Amino acid sequence: MISTHLKTAIQNLKSNKQVGIVTITTFAIAFSIFGLFLVIFVNLNSILATWSKQVQIVVYLKDDISLEERQALEDLIPKNPDVESATFVPKELAWKNFKNDFSANADILNSLDINPLPASYNLQFKQSADRVERIREFAETLSRKPGVESLEYGEKWISRFEQFMVFLRVFLLAVGGLLSLGLIFILANTIKLSVVSRQAEIELMLLIGATHRFIKGPFLVEGMLQGFLGAVISLILLKGIHIYMKFQFLESIQSILRGGEILFISPLHSLMLISIGLFVGWIGSYISINQFLFAGDLS
Amino acid sequence: MIQLYNIFKTYNGKIPALNDISLLIKEGAFVFITGPSGAGKSTLLKLLYRWENFDSGQVLVNGMNIAKIKYTKLHLLRRNIGVVFQDYKLLPNRTVFENVAFAKEVVGASTKTIRFKTLDSLKKVGLLDKRDSYPLQLSGGEQQRVAIARAIVNSPKILLADEPTGNLDPDMAMEIVRLFQSANERGMTVVFATHNHDLVAKSKYPFIMLNRGSIVRS
Ligand SMILES: Nc1ncnc2c1ncn2[C@@H]1O[C@H](COP(=O)(O)OP(=O)(O)OP(=O)(O)O)[C@@H](O)[C@H]1O
Ligand SMILES: [Mg+2]
């Protein structure tokens, strides 16, 4: 049954070749736009993940911190199971490191005879899924301890980035939804042309006792085939763009991100894109053929 | 069995096409529906396979009250009715064989059955040698016979023929009647609509004569 439907569907497509090609191309373009957003999303997500992994806390201490206060901190920090390592950086070392980092300005720095830098603890955290969240919580606790001057970690950045990713996700859903609606509309029209060009045959099928399901079959397959081809072509196109981008920009990107990859959408996402193509094709053609069949309902 | 009770039918709520028609056609019968052009013959047949609606009355076909059948279930009615349409309704892009086979494909028969039954049906109407021709390469009478072959290929209980001798010469027309006769002998109920009185007169079968939507003689 499926194979006869497929045969008829391909025949239909061939006899309406131009419209079919236009529709498939439209699908391919729409899916490529969506896919491009998806690729951007996937890559930003991976950058976010890399950054989150590098987040650590620097606890700056007041110059007049008391011994008891320091001891309290030294007791507290190892108690947190998420802390991988903690190193104390005394004022002098901080100043020396700073001067090393900015050796070009050594003259000016050397002319200062006070050390403006505070002592600090550098805390490294273990990897875990909710690492940033845990760091945030611990930072909260530490900042309230006496003797702590201030805290520094990438929290603000990460939060903003995370918010942006949430926005991007909503944006992607909206774009995907709108594109799908548009595609359904376009496909419904394409299938309508196919239906109308076979009107006499459909009428005859109804007259000689074909089920609605049998009549719908080829049109549904035709719609799904167009959606499928559109999605597959867009994936090929995207892969091409991806390879080109990699070839052209990988080095500059790696230098910015300290060794990153330009990722392609995952196989799951590709499968999703193809499923959307099939689904949109099915819905669009279902609307058209159903509308046509029920126009003949006498009751 | 076909039963009509007080059927009224108008087109677009204006033109009366059938006016209080009641009739009974028993299983296995052969009945002519006759009357002048515009009398309502085609309309009557179309009611039977529910291609047209009626305004009031009741129609029973094979024990089913056809007004009660859901739109999506009409195939259950139509699979028991073979129709030879007044305008043949042959598909021009399919061969004679494919046209006849189409009626079997549509009801989901297996490839082997389709082939066997189609050839058998074409043999019955004497068109085996034309099986690879296209409808437009055939004469009117031959097209008519393809339509008949397609109508009988599913061995329906009821065979409806709408003017199947339309523009044929008298000999050819008799030939066609004989085809329906043999279908009738195989057990099909035949309803044969024609405005050709000679044809009806020459046969032994009962007739129902319509004029302007009413039965005037039977
Ligand atoms: N689809 C339609 N819409 C409107 N009026 C119609 C329609 N079909 C038939 N009629 C009218 O209904 C009446 C009966 O038509 P019908 O086709 O049943 O006649 P008939 O007996 O089959 O005629 P013929 O011998 O010419 O085929 C005619 O007056 C015709 O004009
Ligand atoms: Mg007629």
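1. The C-alpha centres of domain 1 and domain 2 of chain A lie 52 Å apart. Domain 1 of chain A covers 2–51 + 159–295, and domain 2 covers 56–153. These bounds come from an automatic or database domain assignment.

2. A note on the basis. This is a predicted model: local features need pLDDT of at least 70, side-chain atom pairs count only at pLDDT 80 or more, and totals for chains, interfaces and linings use all residues. Residues are numbered from 1 along each chain as its sequence is written, chains are lettered from A in the order in which they are written, and side-chain values use heavy atoms, with hydrogens and water left out.

3. Now the interface. Contact (heavy atoms within 4.5 Å) joins 20 residues of chain B to 18 residues of chain A. The two chains bury about 2,000 Å² between them, 69% of it on carbon and sulfur atoms. Buried area is the accessible area (1.4 Å probe) that two parts lose on being put together, summed over both. Of the area that chain B buries against chain A, Trp51(B), Tyr71(B) and Val106(B) supply 35%, more than any other three residues.

4. Charge pairing: two salt bridges cross the interface of chain B and chain A. The rule asks for a side-chain nitrogen of Lys or Arg within 4 Å of a carboxyl oxygen of Asp or Glu. Lys89(B) forms a salt bridge with Glu203(A), with the closest N and O atoms 4.0 Å apart.

5. Which element gives the most to the side of chain B that touches chain A? α3(B) does, with three residues. Helices here are DSSP runs (H or I, at least four residues), numbered from the N terminus.

Notes:
Helix = DSSP H or I, 4+ residues; strand = E, 2+ residues; numbered from the N terminus.
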